[in-house]
Amino acid sequence: MFRPVAQLPLDYSVFKDKKSVFSWAPSGAVLFGNGASVRTGEELKKLGVKKATLVTDQGLVKFGIAERIIQSVREAGIALDVYDKCEPDSSVETVERIAGLAQDSDVLIGLGGGSSMDPAKAAAILVANGGSIRDYQGCDKFTKAPLPIVAIPTAAGTGSECTPFAVIADRQRAWKMPIGGTGIMPALAICDPELTYSLPAGVTAATGMDALTHAIEAYTSRCTEPISDALAMQAIRLIAHAIRPAVYRGDIDRDARYDMMMGAMLAGYAFTSASLGISHCMAHPLGAQYQVPHGVANALCLPVVMEFNMGAWPERYADIAGFFGEDTCGMSVREAAKTGVRCVYELLEDMPIRPLESFGVTEGSLERLADDAMLGGDRPNNPRMTTKEDFIQLYRKVMTLKK
Ligand SMILES: [Fe+2]
């Protein structure tokens with residue numbers, strides 16, 4: 001049985017500046033490339049794994065992607081249990097069922113989007129520490145090292161394959177529960193762009209916009225540092241150029257699929273250190289209260305949030321225009337920053353994303369949504385401070401998009 005490399009505790013101090021000491025210890029190995037996932041069994045064998053539990057969903061079973069991994073693991077002579085009933089926004093109950101199944105496993109394999117990787121991470125905590133997953137909401141709340149995680153993303157989005165975070169839906173409270181801890185950073189991420197070739201346009205758009213939100217929020221967060229900046233910049237560049245071809249000709253444009261998966265992974269590493277901003281504070285209540293898919297919520301909130309934040313750090317939003325390929329020579333910083341925001345509004349226009357109204361969000365929803373957005377853990381990391389009234393205005397603007 002193997003254990004991830006020891007890590008420093010997560011550092012959430014805000015206002016990092018050049019006088020601050022920051023830690024960078026993301027750990028975890030990465031195997032990246034077309035066809036990488038067929039090497040899953042071989043990789044587990046090298047790590048000394050004898051028994052594994054695979055966590056996935058019915059869609060991946062149906063499309064034969066789960067079978068590809070199951071075959072690879074079994075061919076390597078590793079015993080395998082399979083949990084294949086993850087639902088969108090996996091719940092507390094799902095985590096408990098996975099933990100029950102994985103009691104005698106050496107490793108949990110999360111195969112899918114965040115809705116498979118995150119419950120695998122959460123179950124890894126429960127197997128080692130017991131109790132209810134509700135006991136571990138927050139950061140570093142567990143004492144025993146969780147079961148190691150191998151994460152295999154099947155969409156370029158959440159970046160969960162390279163973050164020490166999981167988000168679990170607590171349906172009793174209509175709340176998305178954040179759980180973080182260095183021990184749930186996947187010990188190995190296997191990123192295989194081939195697994196995304198058959199993703200439909202809508203899912204590619206939503207997950208891709210989530211990844212872009214991670215990169216932009218990490219680049220403009222109050223917790224930025226030079227390493228996260230380097231990762232976020234490259235993530236924005238890759239996603240800005242690859243997302244349209246990945247969405248509209250993702251069945252044939254393999255380079256676009258490759259760049260999206262790389263961009264999503266780099267963005268995951270960036271926000272592991274730099275944290276996120278208020279687009280995520282707004283997206284989580286939309287998911288918990290109205291089942292708006294996480295990527296759709298972020299796609300709609302991101303440009304509105306950028307416009308709101310722009311004045312707090314215009315230089316960064318000006319950079320974003322450049323990452324999108326805009327020529328900002330001769331522009332003032334403010335003009336360039338506005339161009340950066342415009343690029344994201346235009347991108348959203350081009351994406352097959354549904355309006356908020358179609359999920360049942362109305363003017364009467366805004367008060368409660370704003371209350372929950374105020375509780376978002378990333379609110380202090382956003383470049384501009386926000387009040388409840390700000391959130392109401394922001395949601396109101398988001399409701400006007402894509403109509
Ligand atoms: Fe996200």
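**Domains, sheets and aromatic contacts in the predicted model**

The UniProt annotation "domain: Alcohol dehydrogenase iron-type/glycerol dehydrogenase GldA", from an unreviewed entry, covers residues 29-193; UniProt positions are given in the numbering used here, feature names are shortened, and annotations may be inferred rather than shown by experiment. Over residues 29-193 the chain is 30% helix and 26% strand, with the end C-alpha atoms 17 Å apart, where helices (H or I, at least four residues) and strands (E, at least two) are DSSP runs numbered from the N terminus. Over residues 204-398 the chain is 71% helix and 0% strand, and the end C-alpha atoms are separated by 21 Å.

The structure is a predicted model, in which local features need pLDDT of at least 70 and side-chain atom pairs count only at pLDDT 80 or more, whereas totals for chains, interfaces and linings use all residues. Residues are numbered from 1 along each chain as its sequence is written, and side-chain values use heavy atoms, with hydrogens and water left out. The chain averages a pLDDT of 93, and 95% of the residues score at least 70, pLDDT being the predictor's confidence in each residue, from 0 to 100. Over residues 1-15 the pLDDT is below 50, and this stretch has 50 contacts in the model beyond near neighbours in sequence, a contact meaning heavy atoms within 4.5 Å.

Strand β4 (residues 107-112) is mostly covered, with 6 of its 6 residues buried; buried means under 20% relative accessible area, exposed over 50%, and partly exposed in between (1.4 Å probe, protein chains only). In a regular strand the side chains alternate between the two faces of the sheet. In β4, Val107, Ile109 and Leu111 point one way and Leu108, Gly110 and Gly112 the other way, and all are buried. Two strands are taken to pair if DSSP finds at least two bridges between them. Strand β2 (residues 51-55) pairs with β4 in the parallel sense over 4 bridges, and Leu54 has Ile109 of β4 as its bridge partner. The pairing of β4 with β6 is also in the parallel sense, over 5 bridges, and here Ile109 stands opposite Val150 in β6.

An open sheet of 3 strands has the order β5-β8-β7, with mixed pairing. Its edge strands are β5 (138-139) and β7, each of which pairs on one side only. Between β5 and strand β8 (residues 175-180) the pairing is in the parallel sense over 2 bridges, with Gly180 in β8 as the bridge partner of Cys139.

A pair of aromatic rings is described by the distance of the centres and the angle of the planes. Rings of Phe, Tyr and Trp (its six-membered ring) pair if their centres lie within 6.5 Å, planes under 30 degrees apart counting as stacked, over 60 as edge-to-face and the rest as tilted. By this rule the count comes to 3 aromatic pairs. The rings of Phe32 and Tyr258 have centres 5.2 Å apart and planes at 70 degrees, so the pair is edge-to-face. Because Phe32 lies in strand β1 (residues 29-32) and Tyr258 in helix α8 (residues 254-274), this pair ties together parts that are 226 residues apart in sequence. Phe32 counts as partly exposed at 21% relative accessibility, as does Tyr258 at 31%. For Phe165 and Phe271, the ring centres are 5.9 Å apart and the planes stand at 10 degrees, so the pair is stacked. Phe165 lies in strand β7 (residues 165-170) and Phe271 in helix α8, so the pair ties together parts that are 106 residues apart in sequence. Phe165 and Phe271 are both buried.

Thr163 is placed in the loop between β6 (149-153) and β7, and it is buried, with a relative accessible area of 2%. Not counting residues up to four places away in sequence, Thr163 touches Lys121, Ile184, Met185, Pro186, Gly268, Phe271 and Thr272.

Charges also lie over aromatic rings, the criterion being that NZ of Lys or CZ of Arg is within 6 Å of the ring centre and within 35 degrees of the ring normal. The charged end of Arg354 sits over the ring of Phe359, 4.0 Å from its centre, and Arg384 lies over the face of Phe308, at 3.8 Å from the ring centre.
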